[in-house]
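Hi,

Here is the structure I said I'd pass on. Have a look at it first, and then read my notes below.

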Amino acid sequence: MGASEALDRVARGSLCAGCGGCSGVFPEAISMRMDDGGFLRPAQIAPLPVGADTRIEAFCPGLGQSVDAVGRSDDRMWGPYRQAWSGWSTNADQRHRGASGGALTAILTHLLRAGVVQAVVQNAPDARNPLANRTVLTEDPACFATTAGSRYAPSAPLDALPDILADGRRVAFVGKPCDAAALAAIRAKDPAVARAIPVILSFFCAGVPSAKGAQGILEALEVSEADVVAFRYRGKGWPGRATATLTDGSERSMSYRDSWGDILSKHVQHRCKICADGTGMAADLVCADAWQVDSQGYPMFEEEDGISLVMARTILGEQIALGAQAAGRLALDDFDMKTLQALQPGQRDRRRGLRARLAALRLLGRPVPDYRGLHLKAVSRQNGLRRNIRNFMGTLKRALRS
Ligand SMILES: Cc1cc2nc3c(=O)[nH]c(=O)nc-3n(C[C@H](O)[C@H](O)[C@H](O)COP(=O)(O)OP(=O)(O)OC[C@H]3O[C@@H](n4cnc5c(N)ncnc54)[C@H](O)[C@@H]3O)c2cc1C
Ligand code: SF4
Ligand code: SF4
């Protein structure tokens, strides 16, 4: 069987983001599997049709991403957008369960109740493995009680494309920024996908940890994986604690700072370290944490009522946010975009240092994603020479070690 050149380049550069786009578009030939490192990765199981490599190259976020602002205000750091607010779900339970203010869940509820879409594709805990994720197609907002909250583990939502198309309903899609970018690129070439998925929602994303990240949390909590019946990465408060529920009904938990800062962030995949778009530039609307942070990006409080950043990137996204507000499901407040760099230092610094990191990888002849329209040169100037050299040398050393 001829191996896919595109997938080979992705594998050589460790560039896979794990979106599932290639398996979703070519389900007979590619299947997503958990690899030894704890990441979801494509495995070629049959020959690909003629021209498949060219198609994969056009949408695979491991190989590249292009952004076209087309008439929108195009912020050098944050990409194209129309309006941004801070916001939260007016439903107290949604706000409490949500990762931030439950804004995404409120928006999904609005999309269903207003009949904009007939179902929603999003991430949920895997009933067979409480640490893992699965993609679900839901039409009942009552299900959002289990889907709300961020899950810092691999998810490959575009693997579900054949199911979405077979289902036949008009759906809204929620996924990581790389999932959103891949879907937008697939939609651009495939009218059937564009008809089936008219709305793309996303969130800011610092990176996906491997399945070993959650296992590390259990180890630190001195809990055996076999005793876990449910696992929450955060949510139920802001930021909410990483919480394992055990067979006897008891709970063990640790703070967001300890779970993300000391454990999960150490297990993030290589592609995320060279991600040019962790803020969902391809989506109609994105949400994020709108919290006051310390110098390392952690919230300056233990627990509070959640507040999401709500950023409408397209006219459709703007209509959806304002529609949810008018329907009384989403509270929106003014947000000053000038404050965003201080609230999201991780996103800011990764964007600023990326050109130097990519240069180090290119020097070693490693494949890197082809980024277009993402203003990497302009944002790298904000980094200053010393930081750029540090980013370059750090990447060079890590790449030589691996
Ligand atoms: C891996 C990861 C990294 C993140 N990094 C950042 C960051 O750097 N900065 C920041 O401000 N915010 C980050 N977030 C997002 C943040 O935690 C909140 O999701 C966001 O603020 C929206 O909160 P909400 O209360 O409005 O959403 P909610 O109402 O809680 O809805 C969350 C939605 O996200 C979906 N979802 C959760 N986990 C996944 C997943 N693994 N894959 C696909 N979909 C998923 C859920 O199905 C749900 O639809 C990250 C989230 C994830 C999953
Ligand atoms: S990034 Fe997505 S499309 Fe590219 S190889 Fe990985 S799973 Fe496939
Ligand atoms: S950091 Fe970038 S590549 Fe990694 S999961 Fe998030 S959006 Fe995808």
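A term to start with: buried means under 20% relative accessible area, exposed means over 50%, and partly exposed is in between (1.4 Å probe, protein chains only). Some ground rules too: this is a predicted model, so local features need pLDDT of at least 70 and side-chain atom pairs count only at pLDDT 80 or more, while totals for chains, interfaces and linings use all residues. Residues are numbered from 1 along each chain as its sequence is written, chains are lettered from A and ligands numbered from 1 in the order in which they are written, and side-chain values use heavy atoms, with hydrogens and water left out.

Most residues other than glycine have a negative phi, and most peptide bonds are trans. Lysine 236 has a positive phi, near 55°, and is partly exposed at 38% relative accessible area. Lysine 236 sits in the loop between β11 and β12; helices (H or I, at least four residues) and strands (E, at least two) are DSSP runs, numbered from the N terminus. That loop, between β11 (228-232) and β12 (242-246), also holds proline 239, and the peptide bond from tryptophan 238 to proline 239 is cis, with omega near 5°. Histidine 375 has a positive phi near 55° as well; you'll find histidine 375 in the loop between β17 (370-372) and α16 (376-381).

**Strands**

How many of the residues of β14 (285-289) are buried? The count is 5 of 5. β14 pairs with β10 (199-203) in the parallel sense over 3 bridges, where two strands pair if DSSP finds at least two bridges between them. Serine 202 stands opposite valine 286 there. With β15 (308-312), β14 pairs in the antiparallel sense over 5 bridges, and cysteine 287 stands opposite valine 310.

**Salt bridges**

The structure holds 13 salt bridges, each a side-chain nitrogen of Lys or Arg within 4 Å of a carboxyl oxygen of Asp or Glu. One of them joins glutamate 57 and arginine 9 (3.2 Å, N to O). Glutamate 57 lies in α3 (52-59) and arginine 9 in α1, so the pair ties together parts that are 48 residues apart in sequence. Another links aspartate 294 to arginine 257, with the closest N and O atoms 2.7 Å apart. Aspartate 294 is in the loop between β14 and β15 and arginine 257 in α11 (256-263), so this pair connects parts 37 residues apart in sequence. Arginine 97 and aspartate 93 make a salt bridge too, at 3.0 Å between the closest N and O atoms; both lie in helix α4 (92-97), 4 residues apart, about one turn of the helix.

**Ligands**

Around ligand 2 there are 15 residues, of which Cys16, Cys19, Gly20, Cys22 and Cys60 come nearest; a residue is near a molecule or strand if one of its heavy atoms lies within 4 Å of it. The elements giving two or more residues to that shell are α1 (5-12) and α2 (21-25). The shell around ligand 2 has 11 nonpolar, 4 polar and no charged residues. Here Ala, Val, Leu, Ile, Met, Phe, Trp, Tyr, Cys and Pro count as nonpolar, Asp, Glu, Lys and Arg as charged, and the others, Gly among them, as polar. For ligand 3, the shell divides into 7 nonpolar, 1 polar and 4 charged residues, including Lys176, Cys205, Arg271 and Arg350. α8 (177-189) and α12 (270-273) each supply at least two residues of the shell around ligand 3.

Cheers
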